There are 2 protein chains.
Amino acid sequence: MEIDGEDDYFVKNTPPKNINEVERKTKEFMKYQQEKGRRIVLVTSGGTTVPLENQTVRFVDNFSAGTRGSASAEYFIENGYAVIFLYRQHSLRPYSRHYSHSKNCFLDMLDIDKDNIIVNDKYKESMKSILERYKKTKAENLLLEIDFFTVKDYFFYLNKITKILATMEEKSMYYLAAAVSDFFIPPERMVEHKIQSGEGALKLSLDQVPKFLKPLVSEWAPKGFIVSFKLETDPALLISKARKALKRYGHQIVIGNMLLTRKKVVHFITNDEERKIEMTEEELNNGIEIETKIISELIKKHDQWINQSEANN
Amino acid sequence: MEIDGEDDYFVKNTPPKNINEVERKTKEFMKYQQEKGRRIVLVTSGGTTVPLENQTVRFVDNFSAGTRGSASAEYFIENGYAVIFLYRQHSLRPYSRHYSHSKNCFLDMLDIDKDNIIVNDKYKESMKSILERYKKTKAENLLLEIDFFTVKDYFFYLNKITKILATMEEKSMYYLAAAVSDFFIPPERMVEHKIQSGEGALKLSLDQVPKFLKPLVSEWAPKGFIVSFKLETDPALLISKARKALKRYGHQIVIGNMLLTRKKVVHFITNDEERKIEMTEEELNNGIEIETKIISELIKKHDQWINQSEANN
């Protein structure tokens with residue numbers, strides 16, 4: 001069965017070199033978590049790129065630092081989930097996100113103290129708590145990280161990982177926070193070498209990427225709990241586009257957010273509800289992140305999803 | 001005098017908000033270095049972006065991690081130069097580059113030891129030497145870092161900084177390693193909101209950016225020592241395009257490099273010479289970087305440039 005040409009896509013395009021290694025790691029990780037009785041959430045994060053040349057010098061990118069995904073991964077872990085974190089290379093990652101995109105170089109946090117290099121007092125306390133959580137996560141094998149660069153590699157990984165996690169049925173969640181390109185240049189139209197300047201304007205024609213959310217919901221993981229995101233810049237479009245996506249794909253929830261206020265307000269759109277989740281000024285001033293509210297709401301909904309399905313069996 | 005519409009560009013486009021602050025910092029930095037009798041090199045680094053919407057969700061980017069620029073800045077500093085480092089946000093920076101784009105999270109390098117957080121023994125020795133050099137650079141005020149994201153902001157900063165440094169005449173060097181976009185969407189054709197999908201293919205038409213190297217060489221810094229780069233993927237084009245650029249702009253040197261071998265081989269193209277600089281397998285295995293050779297060659301040429309001009313006066 002072909003929907004929007006997605007089967008074709010995985011035939012026409014070349015899989016990433018390490019796809020078998022990712023498959024093996026995902027299966028191992030899932031087996032371990034199942035033995036521990038844990039749920040797993042796949043968190044996708046960061047922007048995807050669309051190369052304009054085979055030997056790529058230029059590409060179209062989507063704005064995303066990976067804040068939403070990397071913060072959410074931490075809160076899922078704190079709530080007992082194991083996380084597969086599928087992220088854009090060099091975008092923010094759980095735990096290290098607190099330091100990596102800062103303009104303050106992490107070398108500024110370090111002092112030479114006789115034979116040791118130590119974190120100086122100014123940063124020590126806050127780093128200690130993050131470091132402890134990070135080490136616990138590693139020790140308990142709660143996080144599997146897989147990185148991508150192009151939208152093509154992202155789709156191959158998404159397809160592979162989703163189909164593996166789907167065997168956990170209702171106990172798997174898919175939190176699709178990556179900013180996925182809507183347009184790409186199909187392989188048969190891609191030029192080999194760097195596009196030369198000096199020959200006037202550059203005309204590009206990009207095709208629409210297949211809407212993989214459709215087969216993900218209906219075929220790859222039909223029993224999973226699936227959360228997608230809708231980012232807009234025009235407030236007039238946000239809710240209607242989010243609702244349209246929910247109807248079109250038939251999954252459980254769309255989280256709508258505006259580019260400029262995405263750290264303060266999100267909208268939960270489900271079949272029978274439309275809810276705004278908002279941060280107070282006080283919460284923001286205290287460094288509380290909206291993802292803590294998002295994740296705790298989602299876990300309640302995931303519980304319901306699991307209970308409902310058990311009741312139906 | 002208008003060359004390729006560059007005066008027009010700075011009128012039609014909006015300057016970055018902090019342009020006055022960058023001007024002030026650059027002047028202060030230059031004054032300090034002049035009192036110390038130091039030369040200054042402007043190093044540009046990383047790729048530039050071209051937004052496709054005013055409220056930017058998508059942009060065209062140029063592949064560049066900033067390896068060349070960030071490594072070169074360190075070697076300039078080791079050789080007594082003060083460096084203004086104009087770099088793409090989140091690309092590699094001098095010193096921190098040894099850790100920041102690594103897949104190994106820097107949190108993996110840290111251990112909790114009673115009341116302290118310390119760097120563990122495995123990383124300590126190599127980090128100590130980098131940290132010492134970093135702290136010396138800061139203490140001696142040898143590095144001014146300024147970051148950009150779009151090609152527009154890059155051009156505004158380049159223009160401003162170059163014109164200030166130009167007052168140092170021959171003692172200033174311009175090492176233009178940033179991967180600058182050749183195409184952009186002019187402000188009058190830019191859409192306000194996120195481009196919507198679902199309406200078929202995306203047709204983009206990008207104009208050529210003005211070739212600012214021309215006024216930089218002939219007007220902004222006519223006595224400076226100017227080094228530009230040419231990156232290609234097709235070996236048949238590299239040398240001819242590099243020589244063409246040298247003729248067209250009339251500056252001192254073009255460094256040509258291929259995308260796939262840029263860490264092993266570069267070509268120095270000057271008016272009377274064409275030289276290949278190459279790394280041996282042994283050098284590469286020992287962790288020696290090609291930038292150490294590039295910089296030591298350039299400093300010799302800069303010496304000659306200064307001596308020659310003094311002889312002419």
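**View 1. Strands β13 and β14 of chain B pair in the antiparallel sense over 6 bridges.** Strand β13 of chain B spans residues 265–270, and B:His267 stands opposite B:Lys276 in β14(B). Helices (H or I, at least four residues) and strands (E, at least two) are DSSP runs, numbered from the N terminus. Two strands pair if DSSP finds at least two bridges between them. The model is predicted: local features need pLDDT of at least 70, side-chain atom pairs count only at pLDDT 80 or more, and totals for chains, interfaces and linings use all residues. Residues are numbered from 1 along each chain as its sequence is written, chains are lettered from A and ligands numbered from 1 in the order in which they are written, and side-chain values use heavy atoms, with hydrogens and water left out.

**View 2. An open sheet of 8 strands in chain B has mixed pairing.** The strand order is β7-β4-β1-β8-β11-β12-β13-β14. At the edges are β7 and β14 (273–278) of chain B, each of which pairs on one side only. On average, and with direction ignored, neighbouring strands of this sheet are turned by 15° against each other. Helix α3(B) packs on the sheet and touches β1 (40–45), β4, β7, β8 (172–176), β11 (225–232), β12 (253–258) and β13 of chain B. The direction of α3(B) makes about 170° with that of β4(B). Axes are lines fitted to C-alpha atoms, for helices over the stretch in contact, and angles run from 0 to 180 degrees between N-to-C directions. Contact means heavy atoms within 4.5 Å.

View 3. Strand β4 (residues 82–88) of chain B runs parallel to β7(B) and is joined to it by 6 bridges. Within β7(B), B:Ile146 is the residue opposite B:Leu86. Buried means under 20% relative accessible area, exposed over 50%, and partly exposed in between (1.4 Å probe, protein chains only).

**View 4. Helices α3 and α10 of chain B cross at roughly 55°.** The axes of α3 (residues 67–78) and α10 (residues 290–312) come within 9 Å. The crossing is right-handed; a crossing is left-handed if the near helix is turned anticlockwise from the far one by less than a right angle, and right-handed if clockwise. From α3(B), the contact is made by B:Thr67, B:Arg68, B:Ala71, B:Ser72, B:Tyr75 and B:Phe76. From α10(B), the contributors are B:Ile290, B:Glu291, B:Thr292, B:Ile294, B:Ile295, B:Leu298 and B:Ile299.

**View 5. B:Ile288 lies in the loop between α9 (281–285) and α10 of chain B.** B:Ile288 counts as partly exposed because its relative accessibility is 37%. Apart from neighbours within four places in sequence, B:Ile288 is in contact with B:Met279 and B:Glu283.

**View 6. A:Arg88 is a buried residue of strand β4 (residues 82–88) of chain A.** A:Arg88 counts as buried because its relative accessibility is 11%. Beyond neighbours within four places in sequence, the contacts of A:Arg88 include A:Asp61, A:Phe59, A:Phe148 and A:Phe149. A:Ser45, A:Gly46, A:Gly47, A:Thr48 and A:Thr49 are also in contact with A:Arg88.

**View 7. Strand β13 (residues 265–270) of chain A has 6 of its 6 residues buried.** In a regular strand the side chains alternate between the two faces of the sheet. On one side of β13(A) are A:Val265, A:His267 and A:Ile269, and on the other A:Val266, A:Phe268 and A:Thr270. Strand β12 (residues 253–258) of chain A is antiparallel to β13(A) and joined to it by 3 bridges, with A:Ile269 as the bridge partner of A:Val254. These two strands form a hairpin with 6 residues between them. Strand β14 (residues 273–278) of chain A also runs antiparallel to β13(A), over 6 bridges. Here A:Val266 stands opposite A:Ile277, and a hairpin joins β13(A) to β14(A) through 2 residues.

**View 8. An open antiparallel sheet of 4 strands has the order β9(A)-β10(A)-β10(B)-β9(B).** The edge strands are β9 (183–184) of chain A and β9 (183–184) of chain B, and each pairs on one side only. In chain A, 2 bridges join β9(A) to strand β10 (residues 202–208). A:Phe183 has A:Gln208 in β10(A) as its bridge partner.
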